[in-house]
Amino acid sequence: MNIDDLPIREDLRGKTPYGAPQLDVPVRLNTNENSYPLPEEVTDAIAKALQAELSDLNRYPDRDAVALRTDLADYLGHGLTAAQVWAANGSNEVQQQLLQAFAGPGRSALGFGPSYSMHPLLAQGTGTRWIGALRGPDFGLTPAAAREQIALNDPDLVFLCSPNNPTGTALDPGVIAEVLASARGMVVVDEAYAEFARAGTPSALGLIADHPRLVVTRTMSKAFGFAGGRLGYLAAHPAVVDAVQLVRLPYHLSSLTQAAARAALAQRDALLATVEAIKEQRDRIVRELRRAGHKVADSDANFVLFEVGGDQKIAWRRLLDRGVLVRDVGLPGWLRVTAGTPAETDAFLEALT
């Protein structure tokens with residue numbers, strides 16, 4: 001028996017699950033993880049926090065994660081409070097809850113591709129009609145183009161990525177302002193890579209106070225190096241937090257997840273110390289690839305999208321044969337590489353040469 005022999009939903013037939021190859025190679029630069037292991041003082045703090053929870057695992061966790069949300073609000077700043085923050089198992093679950101609350105059957109969500117490939121999958125899983133608008137040939141998005149697509153499609157929810165994945169470039173603030181002015185529904189700005197943005201790049205967090213339909217989603221998976229901990233969160237008007245609580249599963253964040261995330265946040269200076277080093281390698285990759293004649297997208301993230309000058313599938317395989325795993329995101333002629341340690345950058349550049 002296979003999946004098609006089951007009474008699966010018709011709109012899911014023939015689909016494949018989201019995922020990236022997890023291969024045992026010397027250099028893995030395909031999933032935008034933080035290549036630096038957690039410092040010993042951080043792992044010790046997390047271990048103590050987890051140990052303190054073990055004797056009470058017979059009890060349910062705080063279903064509203066108030067202490068964690070308070071810590072997250074403190075980290076984000078911008079005058080945000082715990083009532084304006086919500087957390088879940090990764091930003092994907094946060095975005096799924098937003099779709100459940102504000103989209104779903106009979107409603108639509110719009111995104112500007114190429115962008116994060118999970119957004120249309122989350123839309124489909126929640127019965128939301130997905131509208132795939134396109135960016136320009138240079139992967140850019142202008143306020144006028146965004147306004148035109150919103151007027152044409154009248155979506156219930158709009159996804160924006162800043163910095164954008166897989167291209168890496170942060171949005172012009174004018175685009176976000178135009179979308180907020182044009183869209184009648186919710187506007188979700190995915191800022192999963194915000195900590196890596198170049199100096200002077202503003203966050204949409206500063207717009208929340210004046211825009212009750214704006215939601216900014218973040219994650220601890222990237223800059224914090226907490227990908228295995230699975231903790232994502234949003235910041236928005238308190239009414240948005242009230243809305244997502246209508247659809248969240250009971251006790252969706254375990255006591256251990258909450259404790260580990262709080263311990264990591266308390267050690268944020270040590271964890272975020274690697275961000276500048278990663279940005280240095282990102283900029284080095286951009287500089288060296290352009291020097292070698294490759295077309296490269298400007299990056300505000302911890303990865304770089306670059307043109308290979310031919311079939312990206314062949315280039316991907318040749319890099320893999322040399323022990324370097326990068327990401328084929330499905331853009332003809334382009335590949336994406338994560339900025340890691342200096343040694344990993346050396347290996348990637350040598351393999352590409």
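Which residue forms a salt bridge with E195? In this predicted model, the partner of E195 is R218, and the closest N and O atoms of the two lie 3.7 Å apart. The pair links distant parts of the chain, since E195 sits in the loop between β6 (186–190) and β7, whereas R218 belongs to strand β7, 23 residues apart. E195 has a relative accessibility of 16% and therefore counts as buried, the cut-off being under 20%. R218 is also counted as buried, because its relative accessibility is 8%.

Strand β7, which covers residues 214–219, also holds V215. Its relative accessibility is 0%, so V215 counts as buried. Setting aside residues up to four places away in sequence, V215 touches L98, M186, V187, V188, V189, L234, A235, A236 and V240. A separation of 38 Å lies between the C-alpha atoms of V215 and D346, which are 131 residues apart along the chain.

S221 is placed in the loop between β7 and β8 (232–236). With a relative accessibility of 5%, S221 counts as buried. The side chain of S221 makes a polar contact of 3.2 Å with the side chain of R230.

Across the whole structure, a search finds 18 salt bridges. One of them joins R262 to D71, with the closest N and O atoms 2.7 Å apart. This pair, too, links distant parts of the chain: R262 is in helix α8 (residues 255–266) and D71 in helix α2, 191 residues apart. Helix α2 spans residues 66–76. The side chains of D71 and R262 are also joined by a polar contact of 2.7 Å. Apart from its neighbours within four places in sequence, D71 is in contact with R262 and L265. R262 has a relative accessible area of 37% and is therefore classed as partly exposed.

Another salt bridge connects D283 with R282, where the closest N and O atoms are 3.0 Å apart. Within this pair, D283 is partly exposed because its relative accessible area is 35%, whereas R282 counts as buried because its relative accessibility is 1%.

The largest pocket has a volume of about 1,000 Å³. It is lined by 46 residues, of which Y18, Y116, S117, N165 and R327 are the closest to its centre. Two or more lining residues come from each of α3 (91–102), β3 (108–113), α4 (118–125), β4 (129–134) and β5. By class, the lining of the largest pocket divides into 20 nonpolar, 18 polar and eight charged residues.

One cavity of 30 Å³ or more is counted. The volume of the largest cavity is about 30 Å³. Its lining is made up of F112, S115, R135, L141, F159, L160, C161 and L171. Strand β5 (residues 157–161) gives the most to this lining, contributing three residues. In the lining of the largest cavity, six residues are nonpolar, one is polar and one is charged.

Notes
Residues numbered from 1 in each chain as written. Predicted model: local features only at pLDDT ≥ 70, side-chain atom pairs only at ≥ 80, totals over all residues. Heavy atoms only, no water. Helix = DSSP H or I, 4+ residues; strand = E, 2+ residues; numbered from the N terminus. Buried < 20%, exposed > 50% of the residue type's maximum accessible area, 1.4 Å probe, protein only. Contact = heavy atoms within 4.5 Å. Polar contact = N/O pair within 3.5 Å; in protein donor to acceptor, adjacent residues only side chain to side chain. 1 Å grid on protein atoms, 1.4 Å probe; cavity = no way out; pocket = protein on both sides within 12 Å on 5 of 7 lines; lining within 4 Å. Points joined across faces, edges and corners; volume = space filled by probe spheres on them. Nonpolar A, V, L, I, M, F, W, Y, C, P; charged D, E, K, R; others polar. Salt bridge = Lys/Arg side-chain N within 4 Å of Asp/Glu carboxyl O.
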